[in-house]
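Please look at the sequence and the structure before reading on.

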Amino acid sequence: MVGRRRPHPTHAGAVIEAPSVGCYARPVISEEVSAPHLARRSVGIFVGLSVVCACLTVLFLSMRAVMKIGGYCASGGPYEIAVECPNGVPGLMIGSIWIGLGALLLYSMSSYSSGGPRLAILAWPVLFLSLGWNFLEFGLDPGNDQGIVWSWIICAILFFLMGGGPLLLLVRPESVARILWGPPGPDGEPPARAPSWAFASGTTVVDQTTEASGITHATIVVDPGPADDGESTDATDAANEGDVQTDEPDEDLVDRLERLSTLHRRGSLSDAEFTAAKQALLSGGAT
Amino acid sequence: VSSRVRIWLIALNVVAIVTGIALGRWIFYAVTT
């Protein structure tokens, strides 16, 4: 039997997408994410990532400035200095490291909570590969007719190994999706299904497609209102017919509420969506 | 996330990277010269 899905008067059209990699699904509010939330995260992403890139660039250029004068220098202090550092370079190197770490923290928090690409993991390879390139370039041609500086070549190899190691994790496309767009779902969550609270009452899986990228989207329409004419909803019908996989019967209602609350705190659910889903869960879980 | 939000986030990251590199170069040359 196929029932008629009736949109709730106050929450009609709230769409939740459950992107997944492989066979797991995790609910993420898509375009209905509140604009202020997305705006805040966007500011954090832009400021954090741009400052991180600025610091990496400053560090890269500062290292080249030092290597151009032989690879070592000093500045300040009571001792006689053999090679004075270029103007401002010591402060730039120290400042770029600490400011860059702070900006990386800001970017990580913003990108993880927004569900956006998580490029923070690439900071390590970018840092070591760029500095390793400096070692390689100046090791092959230090610029003072010394010939090859093997100690710098060894440093270059070590830096390339350190920076390139994490990139091996990105060889497989599935790994790229997992690393850049987040883990597939909570630990132990059964494969390819909507969140448990989605089936509490009147919530319906209306579509499930697999894109060429291998990312599965299970689109869920939150429809907490019961049908006025007494007809059963799609979710009820589907559950009765076994078309959808319902939650484990022994799962505690409190766990579902906690998960829902977690999504709300993370900003994945707006206040209205949280209230609707909570009501749907309570009405379904009370029976 | 939805495709529109995803595209927005990717574009934002690209713009931030380009801006950061330009900012870093400007800071370095402004301080050292």
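This is a predicted model: local features need pLDDT of at least 70, side-chain atom pairs count only at pLDDT 80 or more; totals for chains, interfaces and linings use all residues.

Residues are numbered from 1 along each chain as its sequence is written, chains are lettered from A and ligands numbered from 1 in the order in which they are written, and side-chain values use heavy atoms, with hydrogens and water left out.

**The interface**

In the interface, 31 residues of chain A are in contact (heavy atoms within 4.5 Å) with 24 residues of chain B. The size of an interface is often given as the accessible area lost when the parts come together. Here chain B and chain A bury about 2,300 Å² between them, as judged with a 1.4 Å probe and summed over both parts. Carbon and sulfur atoms account for 75% of that area.

**Helix pairs**

Helices are DSSP runs (H or I, at least four residues), numbered from the N terminus. Axes are lines fitted to C-alpha atoms over the stretch in contact, and angles run from 0 to 180 degrees between N-to-C directions.

| Helix pair | Axis distance | Angle |
|---|---|---|
| Helix 1 (residues 35-68) of chain A and helix 3 (residues 123-140) of chain A | 10 Å apart | about 20° |
| Helix 1 of chain A and helix 1 (residues 3-32) of chain B | within 7 Å | roughly 35° |
| Helix 2 (residues 89-114) of chain A and helix 1 of chain B | within 13 Å | roughly 170° |

Helix 2 of chain A is therefore roughly antiparallel to helix 1 of chain B, a term for angles over 145 degrees.

Helix 1 of chain A crosses helix 1 of chain B in a right-handed sense. By class, their contact has 21 nonpolar, eight polar and one charged residues.

Within chain A, helix 1 and helix 3 are roughly parallel to each other, a term for angles under 35 degrees. Their contact includes L56(A) and R64(A) of helix 1, and W133(A) and E137(A) of helix 3.

**The salt bridge**

Over all chains, the count comes to one salt bridge. E137(A) forms this bridge with R64(A), and their closest N and O atoms are 3.0 Å apart. The pair links distant parts of the chain, with E137(A) in helix 3 and R64(A) in helix 1, 73 residues apart.

How values were computed
Helices (H or I, at least four residues) and strands (E, at least two) are DSSP runs, numbered from the N terminus. Angles under 35 degrees count as roughly parallel, over 145 as roughly antiparallel, 65 to 115 as roughly perpendicular and the rest as oblique. Buried area is the accessible area (1.4 Å probe) that two parts lose on being put together, summed over both. A crossing is left-handed if the near helix is turned anticlockwise from the far one by less than a right angle, and right-handed if clockwise. Ala, Val, Leu, Ile, Met, Phe, Trp, Tyr, Cys and Pro count as nonpolar, Asp, Glu, Lys and Arg as charged, and the others, Gly among them, as polar. A salt bridge is a side-chain nitrogen of Lys or Arg within 4 Å of a carboxyl oxygen of Asp or Glu.
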